[in-house]
Amino acid sequence: MKNVLVAATVIMAMAAPAMADEAALKQEAAGIIKEFAGAMKTELEKGIQAGGPVEAIAVCNEKAPAIAKSHADKSGWQVGRTSLKLRNPSNGPDAWERKVLADFEARRAAGESPDTLVAAATVDGSFRFMKAIPTGELCLVCHGADLKPEVKARLEKLYPTDQAVGFKPGDLRGAFTLSKKL
Ligand code: HEC
């Protein structure tokens, strides 16, 4: 009995710093996502106001990767967005991301709020973090069911294999996905 207790204490002592690291990494990742999401929303609103939705397509098309990259350069994290219903095929999920996206859908179907779905894991020596992206009203202009004809035409031209339409408010549009080499 005593041996078991000692063993348990040793294991806890070993696990504690690792858990603290994980908490710090999660917090760091969540902070980057908050900035990234905020910057994207600001750019989209500005873009739509300035030139209408067709012009704003360039925001998602060019600024999202640029914003993601600037966060990556600053922080040492890889930052991106992914989805099971892709607009840009180069945002496609890898095996871990695909599993998490399916899990997010299941958790949402079971009643969890899409605003708070997150997942974290260490995969092949990298710490990985994902946070679900719910579909808001603003997103429907380019990801909803009733796109304006000129928006539809531009999207079809830029993304011939586009699957990222037909979303309703509250649907999971995808997820932010971050990773950092440990
Ligand atoms: C003005 C049009 C427009 C609006 C509004 C818009 N998007 Fe997009 N979205 C796009 C385009 C274009 C892409 C492809 C970007 C690329 O090439 O990487 C995209 C890609 C994405 C992706 C990456 C995965 C994929 O399918 O390639 C996510 C996630 C996403 N959008 C979420 C959102 C959310 C959430 C909102 C609302 C806050 C939103 N979008 C609003 C046009 C838009």
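1. The shell of residues around the ligand comprises 12 nonpolar, four polar and four charged residues. The structure under review is a predicted model, and the points below should be read with that in mind. Of the 20 residues around the ligand, those that come nearest are Arg 87, Cys 139, Cys 142, His 143 and Arg 173.

2. His 143 belongs to helix H3.

3. Several side chains place polar atoms by the ligand. For Asn 91, a polar side-chain atom is 2.7 Å from an oxygen atom of the ligand. For Asn 88, an N or O atom of the side chain is 2.9 Å from an oxygen atom of the ligand. The side chain of Arg 81 has an N or O atom 3.4 Å from a nitrogen atom of the ligand.

4. Two or more residues of the shell around the ligand are given by each of helix H1 (2-75), strand S3 (126-134) and helix H3 (140-143). H1 provides the largest share of this shell, with six residues.

5. The largest pocket holds about 1000 Å³ of space. It is lined by 44 residues, and Met 40, Cys 60, Arg 81, Ile 133 and Phe 176 are the closest to its centre.

6. Which elements give two or more residues to the lining of the largest pocket? They are H1, strand S1 (78-82), S3, H3 and strand S4 (172-181). The largest share again comes from H1, which supplies 16 residues of this lining. By class, the lining of the largest pocket contains 25 nonpolar, 11 polar and eight charged residues.

7. The second largest pocket holds about 350 Å³ of space. Its lining consists of 19 residues, and those nearest its centre are Gln 78, Val 79, Glu 97, Thr 177 and Ser 179. Strands S1, S3 and S4 each contribute at least two residues to this lining. The lining of the second largest pocket divides into three nonpolar, 10 polar and six charged residues.

8. A further point concerns Asp 162, which is found in the loop between helix H4 (149-158) and S4. The side chain of Asp 162 makes a polar contact of 2.9 Å with the side chain of Arg 87, and Arg 87 is one of the residues that come nearest the ligand.

How values were computed. Residues are numbered from 1 along each chain as its sequence is written. This is a predicted model: local features need pLDDT of at least 70, side-chain atom pairs count only at pLDDT 80 or more; totals for chains, interfaces and linings use all residues. Side-chain values use heavy atoms; hydrogens and water are left out. A residue is near a molecule or strand if one of its heavy atoms lies within 4 Å of it. A polar contact is a pair of N or O atoms within 3.5 Å; within protein, one must be able to donate a hydrogen and the other to accept it, and residues adjacent in sequence count only if both atoms are side-chain atoms. Helices (H or I, at least four residues) and strands (E, at least two) are DSSP runs, numbered from the N terminus. Ala, Val, Leu, Ile, Met, Phe, Trp, Tyr, Cys and Pro count as nonpolar, Asp, Glu, Lys and Arg as charged, and the others, Gly among them, as polar. On a 1 Å grid over the protein atoms alone, a cavity is a set of points where a 1.4 Å probe fits but cannot get out, and a pocket is an open set with protein on both sides within 12 Å along at least five of seven lines; lining residues have an atom within 4 Å of a point. Grid points are joined across faces, edges and corners, and a volume is the space filled by probe spheres set on the points.
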